[in-house]
Each structure stands twice: as C-alpha cells, then as structure tokens.
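Me: I have a chain open here and want to get my bearings. Can you walk me through it?

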Amino acid sequence: MADPQYATLEAYDGVRFAWNVWPLSRIEANRMVIPLGLMVTPLKRTDSLTSLQYEPVRCRGCQGILNPYSQVDFASMIWLCPFCYNRNSFPPHYQGITEGQLPGELFQEAVSVEYVLQQPVRAPPSFILVLDLSQSLEALTEMKQSVKQMLQMLPEYCLVGLITFGAMVTVHELAASEIPRAYLFRGTKETTAQEVAKLLGLGLVQYKRQAGMPGPSGTPGIGRFLLPYSECDYTLESIIDDLQPDRQPSSRKQRLVRATGAAVGVGVGLMENCIPGTGGRLMVFTGGPCTTGPGAVVGLALEDSIRTHRDFEKSAGVKQFKKACQWYESLGRRMAGSGHCLDVFACSLDQVGVAEMHDAVSVTGGVVVLAETFSHEIYRKSLARLFELDENGYLQMFFNATFDVIMSKDIRVSGTTGPVTSANNKSPLASEVELGVGGTTSWRLCALSQATSLGMFFEVAASHGTVLEPGQILCLQFQTQYQHPSGQHRLRVTTVARPWAEPNAPEIASSFDQEAAAALLARQALFRCSQEDVFDVLRWIDRILIRVASKFGDFTKDNPASFRWPPSFTYLPDFLFHLRRSQFLQVFNNTPDETAFYRLTLEREGVQASMLMIQPTLTSFTFEGPPQPVLLDVASMRPDSILVLDTWFMLVVHYGKTIVEWRKAGYHLQPDQDAF
Ligand SMILES: [Zn+2]
C-alpha cells in the first residue's frame, strides 16, 4: 500500500493531498495529469483537537483565521497572514500574549481547532418522519416497530413531525387534543411551500417557549406539527400504533398507489415553513416504488416493468425517469437552500426509485439504506448506527454547515465533490476551470458526520518562471461552521501547509500519495458519470493511466520491457483496474437503485473507505502465522485457511476444506484449541 506516513498525517488533521509537494508553475501543474487535489474530512474526530471557547481572530484581508503558520511580532503586536500576507493587529483582549503565553490557536500542534461560537442555534435538530402506508399489514407492523425503536433513541429535546402517505398525503398534528387532527393533500399534485403554509394554516399559531427548555419560539407550525419529542411522545406513538395499511382495492394486475414524491414535496414545504435555516432530516420510510404524481417511477399496471439500466439506452424509458429526477432535483435545491437533508430507508424486494431520488439525497448529505424488509438486520443496524450518541450524550450528526477554503493568491480552487452545494461565493480565487462543484470558495453541507469527506481540486496560478523563495510553503485553511446537536454553533478550523518546489523537481513525484490520488480519481469519475456516458468515463480512466505512465514512468523508447513505475506509483494501475470494473462504473447485474446507492456511498467517504470499496481486501487466517493480506485470486483458497473478504459493503468469510472438517469435529469447542 501507499506510504503510511500520509495516513498518520491524516489522523492528525483529516487531510490527504494527492501530491505533497506542489510545483510553483501553472504549466507544470497541468502537465502532472493527476490534478493537485486533496481529500478532506472537515469534522474528523481527532485526539489532538483543541476546543476554544471564544470567537476567532480573522485577517482583515482574506478572512483567514489566526493559526500556527501565522508569524507573530510580539513587540509591535502584529500578525502576518500566511494566505494574503496582510499585517493585522490583535484585538484588545490579546494584548497580554507573549511567546511563553500563547492563545490556543497559535500552538504549533493546533492545526485543527474548534471554536464554540456565542450565537446559539435557533432550534434543536428536527426529524420529520414520512411513513409509507401502501404496504401489507405485516410490513407496516415491522416498519412501525422499527420507527418506534428509533424514536426511543432520540434525545427528548429534538423536534419531531409526522407525515404518512398512500394514495393521499397526510400531515398529522401532534399537539395533544381530544380528537387527533390531520390534514390531507392530493397525492397526484406538486405542492409548493406557500400552498403547504396555506392549507396547514401556518403563521397563525405561535408556540410559547417554556422556561428552561431549549427550543424555538414564535416559529409557525412548531407546537402543532413539530414538537419536542418529550412533549408529544405519547400522542406520536399512539398515532403510529393506530396506522393501518392504506385502503385500496386489491388487484393482481395493479401495483399499490403510492404517492412518495408528493409526500416528500409536502415534507419539504413543511420544513421550509417551520424550521428554515436550522438543521433537520426528512426521513422517508418506504416499501415500494412511487406509482402516482410527481416523482412516479413506474405506472400502476403490473405488466409495465420497472426501469432497468437497459431501458436508459432507449428514449422511451428515459422520459419518465428524467421527469422524476427533475422533481427530486428541484426538491434537493429547496432543501439545500434551507439546510435540510433527505434520508431514504427503502425496504422492498422491488426497486423504490432511489435512482430518481439520488440528486436530492446527494446534495443534502442524507443517507440511503436499502434492505429487503423492515426487520432486516442491515436496516435495523443502520438506523441504530445513525442515532448513536457520543460520550456526552449528543447525536453524532451535524447540520447546516458552510465550508470555506482560504488560500494564497498562488492557488485557485477548481471545485469540490461530495454532499455539497455551492454557496455562490464568487471569489477571484475560484478557478474558471471547474472540477466538481466549482465557481466558488464556499459550499453548503446540510448534514454531515465525522466521516463525511470532500474531494477538492486546485490549480496553481503562478506563471512559469516565478521565483521560488527558500522555505516558501503553500498554506490552505478549511473553515467549517456548523450546527452541533448541543444547540451550539461551532467553527472547525484546519490549517495545512506543504512545500512548493521548482517545476520538475524530483521530490514532486516522490511526494505522490497514490491512495489519495486514487480516491480523488474515483470522485472525478463519479462526477463525470453524472454528466456523460459511462463508456466515455472508462476511456477517460484509460487515458489518465497512459498519460501518467508516459509522464512519470521510467522506460527506454521502443522497448516495452524496460518500463518501470517509480516506487510511489506502483499500486496506482491496480487501483484504476479495480475502479474500472467496480460496481460504481459497471452497471451489469445491478439495478439503477443499487448503482445509485453505491455511488452515493462512495462520493462521501474518505481515503481508506474508498480504497476498501474500490479494491476489497482479502485476508487469510492460518495456524502458520499472523493474518496476512492475500491476492484476490482462486490460488488464495487453501484447505487449511479461513479467508475474510471485506468489501466495505459486506463481509464474506470462506472456510477451507480442512477447517470445515475440523469444525465439524468440534475442535473449536475444545479448550486446548483456543487458537482455532
Ligand atoms: Zn489574510
């Protein structure tokens, strides 16, 4: 594998560069084939993180935040910004600092610090449940059970809301009352935020904040449709208990009428009205495809089969697909605009339309879980994992973030890939050549975890022949401001530096981190898949490999046998080979929903997880020594070994013939066979 020093650095600051030394020349940077990029995990959990209970000190020139790479002149109390070289004076309360008494953000090891900001969050995290009633009684019962288990994991201050759907969409009022009240929406219609507000009478009822309770006040709809779980647990659970399968005439020739798209639309409108600009999840639990209204995936007649990858080759199959995609794209934009995310829990033997929903989930950072039933282990464990609490009793999900990159004028940012949308900060430091979501130096993330990773691409702005000053470093700063479930706004600031080098300096090639580069190439390939034919993406990967080989390989002309990769590139061809034939780019044997799910997962994971997904590891356990990684080859199957295949998505265990016989004989139960 690649040089372990890069993984060690990543554990410290959450950043991995494809090239750890950059050439100070635009032309040379372009010739390097693999872009100057990096993988960053903005909220990575690190042991070295410093928490600061005050507001950050910003550079007046570029908004960069004071960091260990800033030069400080203690005599005149001035600090030099490492990004724009502006000289800044310290605020009055910093006057006491000396070389021996530094504020936390200036410590050498404080590459990653987190400010707890004064401004509190307006509302706690919200969870709107959208439940599918077009299911058999058995499936619905399992779904209700799992949802109730999930609610029990929810901290009681979180806001919850409930929408159910079958042929119609129902918004339930959760305020305790004698007669439960609910509002009906047509399942065949697209509903705007204004229509939702009008029909639900939002803006009329004001929720009075009770003393001592963290919570919002004065927002329409809160107190009726969204309540802290502690105040509506009884009402909510009794409504869920009473839910029955949607009453529809049963027919062997027809699918159930299921207005998933309209229900998501109503949910988005409800959130826009009730909790604009504060974090929330719209959690859709569904047991089949949407068959009516906006976002319909397939018609009602069972003789019309649901789309496959092959149908996309024909224009007729694409029409309905595109229409549904457009609906979810528009919902995704609205959700991203107000800081909310879409989660889909699809438990069905059939496809439900995740491929159509892909964009809305992708840009908002939601999660997708695919399983066969609501009692399936994968579904139950995934749901429980999402709601795991940290050691302080807080959810480990973060909301409504903005991600900014600060850099020196020698660098331009081309774009970012991952669960982001552009925050349209049209800075001159945003490159005109876009790679991923570009044209900005600032992005929005509606929901993220400690593992959410972004792929970023940069270019060098310095012209060829720019004089390199001794010790000149390139500095980048990532500022992630987000809503923490504790009700605080926090700002994570990570500052990283790498050396510049003369064009063609040998240290550039030897600083190549092939794992980070492969993860970035995978991100680029996925981004291309959303815009062009997969066939062209495969050709693009081939061209990359050929160009990298001719630029960095060591060979004598016209003698193929003489070709050698430099040591820092040896695994790259393998990675690209596996990427080419992975389920991310090859659709054979997968449904469009599965392909969408795989791509969604890869486009937000970090370097190590991406590696595992692209090139699964096979580990052999024998009595002859410690576990060993072995080749993904039939030859690795030996009678006296146990093989474990880890593909990230699943774990496969293979027992050799002799091992099986030993196990049948019960050797593993004998106390003197502990090793077994
Ligand atoms: Zn500055």
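Reply: Helices (H or I, at least four residues) and strands (E, at least two) are DSSP runs, numbered from the N terminus. This is a predicted model: local features need pLDDT of at least 70, side-chain atom pairs count only at pLDDT 80 or more, and totals for chains, interfaces and linings use all residues. Residues are numbered from 1 along each chain as its sequence is written, and side-chain values use heavy atoms, with hydrogens and water left out.

Me: Good. Where is Met 32?

Reply: Met 32 sits in the loop between helix 2 (26-31) and strand 3 (36-40). Met 32 counts as buried, at 1% relative accessibility. Buried means under 20% relative accessible area, exposed over 50%, and partly exposed in between (1.4 Å probe, protein chains only).

Me: What does Met 32 touch, leaving out residues up to four places away in sequence?

Reply: Trp 19, Pro 23, Ile 508 and Phe 552. A contact here means heavy atoms within 4.5 Å.

Me: And how far is Met 32 from Leu 43?

Reply: Their C-alpha atoms are separated by 30 Å. Along the chain, Met 32 and Leu 43 are eleven residues apart.

Me: Let's zoom out. How many helices and strands does the chain have?

Reply: The chain has 16 helices and 29 strands. Its radius of gyration is 27 Å, close to the 26 Å that the globule rule gives for 676 residues, so the chain is as compact as a globular protein of that length. That radius is taken over C-alpha atoms, and the rule is 2.2 Å times the number of residues to the power 0.38.

Me: What are the spans along the principal axes?

Reply: About 75 × 75 × 65 Å for the C-alpha trace.

Me: What share of the residues is buried?

Reply: 54% of the 676 residues. As for contacts with a separation of 6 or more, 71% join residues 24 or more positions apart.

Me: Which domains are assigned?

Reply: Domain 1 covers 4-117 + 402-505, domain 2 covers 130-386 and domain 3 covers 616-676. The bounds come from an automatic or database domain assignment. The centres of domain 2 and domain 3, taken over C-alpha atoms, are 44 Å apart.

Me: How many charged side chains, positive and negative?

Reply: 58 positive and 68 negative. Lys and Arg count as positive, Asp and Glu as negative; His and the chain ends are not counted. The centres of the two sets lie 6 Å apart. Each charge is placed at NZ of Lys, CZ of Arg, CG of Asp or CD of Glu.

Me: Switching to helix 14. Is it largely enclosed, or open?

Reply: Helix 14 (residues 592-602) is largely enclosed by the rest of the structure, because ten of its eleven residues are buried. Among them are Pro 592, Phe 597, Tyr 598 and Leu 602.

Me: What covers those buried residues?

Reply: The cover includes helix 8 (354-364), strand 16 (368-371), helix 11 (514-529), helix 12 (534-552) and helix 15 (607-614). Val 534 is in helix 12. Arg 599 is one of the buried residues of helix 14.

Me: Backbone next. What is the phi of Tyr 85?

Reply: Positive, about 60°, although Tyr 85 is not a glycine. Most residues other than glycine have a negative phi. Tyr 85 lies in the loop between strand 6 (78-80) and strand 7 (87-89). At 42% relative accessibility, Tyr 85 is partly exposed.

Me: And Asp 558, buried or exposed?

Reply: Exposed, with a relative accessible area of 75%. Asp 558 also has a positive phi, about 65°. Its place is the loop between strand 24 (554-556) and strand 25 (559-564).

Me: Last one. Where is Met 397?

Reply: In the loop between helix 9 (377-386) and strand 17 (398-407). Met 397 is buried, with a relative accessible area of 3%. Beyond its neighbours within four places in sequence, Met 397 contacts Phe 127, Arg 281, Leu 386, Phe 387, Leu 448 and Pro 485. Gly 223 is 174 residues away along the chain, and the C-alpha atoms of Met 397 and Gly 223 are separated by 24 Å.
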